Amino acid sequence: MASQGLPLYLATFLTGLLECIGFAGVLFGWTSLLFVFKAENYFLESCEEDCSLWSNGTGPSDLKVQDEKFSLIFTLASFMNNFMTFPTGYIFDRFKTTVARLIAIFFYTCATFIIAFISKKTAVLLFLAMPMLAVGGILFLITNLQIGNLFGKHRSTIITLYNGAFDSSSAVFLIIKLLYEQGVSLRSSFIFMSVCSVWHVGRTFLLMPKGHIPYPLPPNYSYGLCSRFGARKKGNKAAEHETKELQSKECLPPKEENSGPEQEQQQQQQQQQQHSFRRCVLSRRFILHVMWLSIIQLWHYLFIGTLNSLLTKLSSGDKVKVSAYTNAFAITQFFGVLCAPWNGLLMDRLKQKYQKAAKKTGSSSEAVALCSMVPSLALTSLLSLGFTLCASIPVMQLQYATFILQVVSRSFLYGCNAAFLTLAFPSEHFGKLFGLVMALSAIVSLLQFPLFKVSPESNVVYVSMGLAIFLTLVHPFLVYRECRAEKTKSSVDA
């Protein structure tokens, strides 16, 4: 990391962290916002004013319809949050950072304006606004993940930190809920969020590159404000060529770096074939990773979408308890930004350890990266299993432990997902692979609405989800076997 660019890199990193924590993942503060929507009587036409708004599925029919409509909105929004990452990932890869961020700002601003001016009669517009908010937020995250490339050996830590910030941004809706209880209207809060788009635009042109941030990072790399003053444009062109050379060298095993030009050309052609987008998608590691993410994510979405109904049932309709536990859940969500970096630190430390061992055995950098992912993948599955177990026990006080396990496992989940895709596959396919993984997992997430009909009244959902999450341990186990096979092969060749 060049010392000359350090202030710019730090400014990009800190403002990116603020953007992720303040805007990117606000959708998952849905439980807090739902409290406000119910207080505003959205989707509640025929119920009388003295009717309780906090009924569960056994209440009046119009209240049950209200819960189902809100559940459907969250299902569609969370589906779009994942599914649209594939086309938006393609846009990011094809049209680069500036275009992708301007699209994100457009969706986000439109969504916040719509929510600001929605009323009880026009509540149906939430079916449009919440998915738009989700798409804008995930595009903010995708364009910010590349900032990890600026910090070399701390790359995984930065990636997981940003994913943790994405989780923590759900606390924004808690702030809106608390302000609403103090007399600040929902309209005022969302107009303020809309005005913040000016800041997003400024950051796009001053602190982000037009294209992509390369990895490995070449010397004298500049972007944003520096590039627009013409400081090092020529240097950046040379840097792009140097980056391609560094990437091709990084893919080669250490003992083959000094081979002849013909052999190097053949190796590069073979690696281009091996690292094609189609081969990446059809690989076993990619398919298993999609299954791993989809199952765990489905449970997280189902839990968030049904939490209000679950708390209502456990508290016997006590609105004060429901509000208190909703606040507690949102507060624990905020600490996702503190949980996620520990996962990144674990991966970075393991990667450095395996790199030292790889110098002795001649193992490839790809095998080293995969080895560093195994403990994190397994730990995420085990945390999610514990989270499912706690949620299945119908004790109100135990839900505090459930909230803690939920935020830790969720911050690990998305940090692992992004880090695995960056380490296990070529960087030029990251946007498309990230989008495809999220799109495929989005299809699975649609199951949360039919499961809402069953949960939380039946233990069948908890048992089936617990069993499915237990089976996700197959993914880290097979990745471990793949690493062992690579190490054995390298030692035999040596």
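**Burial, core and helix packing**

Analyst: Of the chain's 494 residues, 56% count as buried, where buried means under 20% relative accessible area, exposed over 50% and partly exposed in between, with a 1.4 Å probe and protein chains only. This is a predicted model, in which local features need pLDDT of at least 70 and side-chain atom pairs count only at pLDDT 80 or more, while totals for chains, interfaces and linings use all residues. Residues are numbered from 1 along each chain as its sequence is written, and side-chain values use heavy atoms, with hydrogens and water left out.

User: How many helices and strands does the secondary structure of the chain come to?

Analyst: Helices (H or I, at least four residues) and strands (E, at least two) are DSSP runs, numbered from the N terminus. On that basis, the chain has 22 helices and 0 strands.

User: Which residues touch the most other members of the largest nonpolar core?

Analyst: A nonpolar core is a set of buried Ala, Val, Leu, Ile, Met, Phe, Trp, Tyr and Cys residues joined through side-chain atoms within 4.5 Å. The largest one holds 117 residues, and the members that touch the most others are Leu126 and Met130.

User: Is Trp299 buried or exposed?

Analyst: Trp299 lies in helix α14. Contact means heavy atoms within 4.5 Å; leaving aside neighbours within four places in sequence, Trp299 is in contact with Phe387, Thr388, Ala391, Tyr462, Met465 and Ile469. Because its relative accessibility is 1%, Trp299 counts as buried.

User: What is the relation of α6 to α18, given that their axes cross at roughly 140°?

Analyst: The axes of α6 (residues 155-168) and α18 (residues 399-424) come within 8 Å and cross at roughly 140°. Axes are lines fitted to C-alpha atoms, for helices over the stretch in contact, and angles run from 0 to 180 degrees between N-to-C directions.

User: Which residues of α6 make the contact with α18?

Analyst: On the α18 side, the contact is made by Arg410, Ser411, Tyr414, Gly415, Ala418, Ala419, Thr422 and Leu423. On the α6 side, it is made by Arg155, Ser156, Ile159, Thr160, Asn163, Phe166 and Asp167.
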